[in-house]
Amino acid sequence: MDLDGAPAASTEGPDDRDLVDIPAIEVISRAAVLLMSAAAEQLGLADADPDAPAHRDLDEARRLITALAGLISAAAPDLGPHAAAFRDGLSGLQGAFREYSTHPDAPGEGPGENLRVSRRG
């Protein structure tokens, strides 16, 4: 209802659902995809020339990749057959991060590398 007591105009589209109606695994998957996409953007991978992008922020990318690793590690058993695709995406982002770093982290010290990503699922 708006302030006049009339029903409020709906801003929901046909794809909008209440969070309570969305299965947990779908929420987790959406969060993982958002983290992957944001990390790729921060690494400059979406740029026409990823080797010389208009924007690259490795500090932001590190945070996003670490968060993604934690999410995938925690949710791997629930991701089922999709867990491998998320692990592959994470690995690709970690590799790109290492490649674009002027002073790469020691092995096992890169973003999210200290988080064990379960191979189950």
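Visitor: How many helices and strands does the secondary structure of the chain come to?
Guide: Welcome! What you see is a predicted model. Its elements run α-α-α from the N terminus on. The secondary structure comes to three helices and zero strands.

Visitor: What span should helix H3 have, and what is the distance between its end C-alpha atoms?
Guide: Helix H3 covers residues 83-100, which makes 18 residues. At 1.5 Å a residue, the helix should span 26 Å. The computed distance between its end C-alpha atoms agrees with that, at 26 Å.

Visitor: Which residues of H3 are buried, and which helices are included in what covers them?
Guide: Let's walk along H3. Its buried residues are Ala83, Phe86, Arg87, Leu90, Leu93, Gln94, Ala96, Phe97 and Tyr100. An α-helix has 3.6 residues a turn, so residues three or four places apart point the same way. The cover over the buried residues of H3 includes helix H1 (24-43) and helix H2 (58-79).

Visitor: Which residues is leucine 43 in contact with, leaving aside its neighbours within four places in sequence?
Guide: Leaving aside neighbours within four places in sequence, the contacts of leucine 43 are Pro53, Arg56, Leu58, Ala61, Ile65, Leu93, Ala96, Phe97 and Tyr100.

Visitor: Is arginine 17 buried or partly exposed?
Guide: You can find arginine 17 in the segment before H1. Leaving aside neighbours within four places in sequence, arginine 17 is in contact with Ile22, Glu26 and Arg30. Buried would mean under 20% relative accessible area and exposed over 50%. At 40% relative accessibility, arginine 17 therefore counts as partly exposed.

Visitor: How far apart in space are glycine 110 and arginine 62, C-alpha to C-alpha?
Guide: Glycine 110 sits in the segment after H3 and is buried, with a relative accessible area of 7%. Leaving aside neighbours within four places in sequence, glycine 110 is in contact with Arg62, Arg98 and Asp105. Glycine 110 and arginine 62 are 48 residues apart in sequence, while their C-alpha to C-alpha distance in space is 8.0 Å.

Visitor: And what relative accessibility does glycine 112 have?
Guide: Glycine 112 also lies in the segment after H3. Leaving aside neighbours within four places in sequence, glycine 112 is in contact with Thr66, Ala69 and Gln94. Glycine 112 counts as buried because its relative accessibility is 3%.

Visitor: For the chain as a whole, what percentage of the residues are buried?
Guide: The accessible surface of the chain comes to about 7,800 Å², and 55% of that belongs to carbon and sulfur atoms. Among contacts between residues at least 6 apart in sequence, 61% join residues at least 24 apart. Of the 121 residues in the chain, the buried share is 29%.

Definitions and conventions. Residues are numbered from 1 along each chain as its sequence is written. This is a predicted model: local features need pLDDT of at least 70, side-chain atom pairs count only at pLDDT 80 or more; totals for chains, interfaces and linings use all residues. Side-chain values use heavy atoms; hydrogens and water are left out. Helices (H or I, at least four residues) and strands (E, at least two) are DSSP runs, numbered from the N terminus. The expected span of a helix is 1.5 Å times one less than its number of residues. Buried means under 20% relative accessible area, exposed over 50%, partly exposed in between (1.4 Å probe, protein chains only). Contact means heavy atoms within 4.5 Å. Accessible areas come from the Shrake-Rupley method with a 1.4 Å probe; for residues, only the protein chains shown count as cover.
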